[in-house]
Amino acid sequence: MDNFSTSSRSNHGFDWGALIAGVLMVIAAFLLIRHPGKGLHAFVLIFGILSIVQGFVWLAGYSRFRNFFSRSWVTLISGILDIIVGVLFLCSYDIGGLTIAYLFAIWFFVDSVVGIVFSWHLKDFSTGYFIFSLIMNILSLIIAVFLIFNPLIAALSLVWLVAFWLLVFGINEIVTAWMHR
């Protein structure tokens with residue numbers, strides 16, 4: 001027992017990795033807040049590159065899948081479409097940004113509809129929870145419809161949500177670095 005406690009004490013110390021990661025996250029958050037348009041361009045660039053890489057992964061997988069699956073042609077089509085989407089995003093940041101904005105808004109819409117559907121099960125447990133959940137999900141649905149009709153707001157909302165996430169987790173990493181002392 002003594003060996004365990006002394007070895008765990010020697011592992012404690014200031015966590016420089018967490019501090020550096022936290023500071024970088026906070027800096028990135030402030031850059032996104034200050035320059036949301038450039039942040040959206042960065043998202044489009046990253047998504048375009050990832051889409052092209054994924055396309056090549058699907059194409060490489062086609063040669064392996066065609067021996068095992070009768071519908072392996074789906075991987076071929078998926079790979080080609082991923083590459084086309086990636087190139088399209090890299091060639092036109094406007095199309096990429098608009099696509100990401102609509103995907104974000106549609107995701108918000110679908111999640112709100114699912115929330116409304118699933119809130120009905122709360123009726124059996126508590127009328128208060130049911131009404132609260134229903135109201136919150138209806139408000140989410142209204143916001144989602146607003147985002148669908150205002151893709152610029154959807155795009156900026158996405159950038160700000162990522163910035164807020166980076167800020168929160170960055171501060172958490174900084175605090176964690178100090179807590180490991």
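## Exercises on a helical protein model

G61 has its place in helix α3, which spans residues 36–65. Helices (H or I, at least four residues) and strands (E, at least two) are DSSP runs, numbered from the N terminus. The structure is a predicted model in which local features need pLDDT of at least 70 and side-chain atom pairs count only at pLDDT 80 or more, while totals for chains, interfaces and linings use all residues. Residues are numbered from 1 along each chain as its sequence is written, and side-chain values use heavy atoms, with hydrogens and water left out.

**Exercise 1.** State how many helices and strands the protein has, and give its pattern along the sequence.

*Solution.* 
- Step 1. The count gives 7 helices and 0 strands.
- Step 2. Read along the sequence, the pattern is therefore written with helix symbols, as helices and strands are DSSP runs numbered from the N terminus: α-α-α-α-α-α-α.

**Exercise 2.** Compare the radius of gyration of the protein with that of a compact globule of 181 residues.

*Solution.* 
- Step 1. The radius of gyration is taken over C-alpha atoms, and the globule rule is 2.2 Å times the number of residues to the power 0.38.
- Step 2. For 181 residues, a compact globule would have a value near 16 Å, but the protein has 23 Å.
- Step 3. Along the principal axes, the C-alpha atoms fill a box of roughly 60 × 55 × 40 Å.
- Step 4. Accessible areas come from the Shrake-Rupley method with a 1.4 Å probe, and for residues only the protein chains shown count as cover. The protein exposes about 12400 Å², of which carbon and sulfur atoms supply 75%.

**Exercise 3.** Classify G61, T75, L88 and F118 as buried, partly exposed or exposed.

*Solution.* 
- Step 1. Buried means under 20% relative accessible area, exposed means over 50%, and partly exposed lies in between (1.4 Å probe, protein chains only).
- Step 2. G61 has 2% relative accessibility and therefore counts as buried. The C-alpha atoms of G61 and L76 are separated by 8.3 Å, although these residues are 15 residues apart along the chain.
- Step 3. T75 belongs to helix α4 (residues 73–91). Its relative accessibility is 9%, so T75 is buried. Contact means heavy atoms within 4.5 Å. Leaving aside neighbours within four places in sequence, T75 is in contact with W58, Y62 and F65.
- Step 4. L88 is also found in helix α4. With a relative accessible area of 41%, L88 is partly exposed. Its C-alpha atom is 7.7 Å from that of G48, a residue 40 residues apart along the chain.
- Step 5. F118 lies in helix α5, and its relative accessible area of 54% makes F118 exposed. F118 and T176 are 58 residues apart in sequence and 37 Å apart in space, C-alpha to C-alpha.
- Step 6. For the protein as a whole, buried residues make up 28% of the 181 residues.

**Exercise 4.** Describe how helix α4 packs with helix α5, and name the residues that meet.

*Solution.* 
- Step 1. Axes are lines fitted to C-alpha atoms, for helices over the stretch in contact, and angles run from 0 to 180 degrees between N-to-C directions.
- Step 2. Helix α4 and helix α5 (residues 93–119) pack at an angle of about 115 degrees, with their axes 5 Å apart.
- Step 3. From α4, residues L88, F89 and C91 meet Y93, I95, G96, T99 and I100 of α5.
- Step 4. Ala, Val, Leu, Ile, Met, Phe, Trp, Tyr, Cys and Pro count as nonpolar, Asp, Glu, Lys and Arg as charged, and the others, Gly among them, as polar.

**Exercise 5.** What is the angle between helix α6 and helix α7, and which residues make the contact?

*Solution.* 
- Step 1. Helix α6 (residues 127–149) and helix α7 (residues 151–179) pack at an angle of about 115 degrees, and their axes are 5 Å apart.
- Step 2. Angles under 35 degrees count as roughly parallel, over 145 as roughly antiparallel, 65 to 115 as roughly perpendicular and the rest as oblique. The two helices α6 and α7 are therefore roughly perpendicular to each other.
- Step 3. The contact involves F146, L147, I148 and F149 of α6 with P151, I153, A154 and S157 of α7. These residues divide into 7 nonpolar, 1 polar and no charged.
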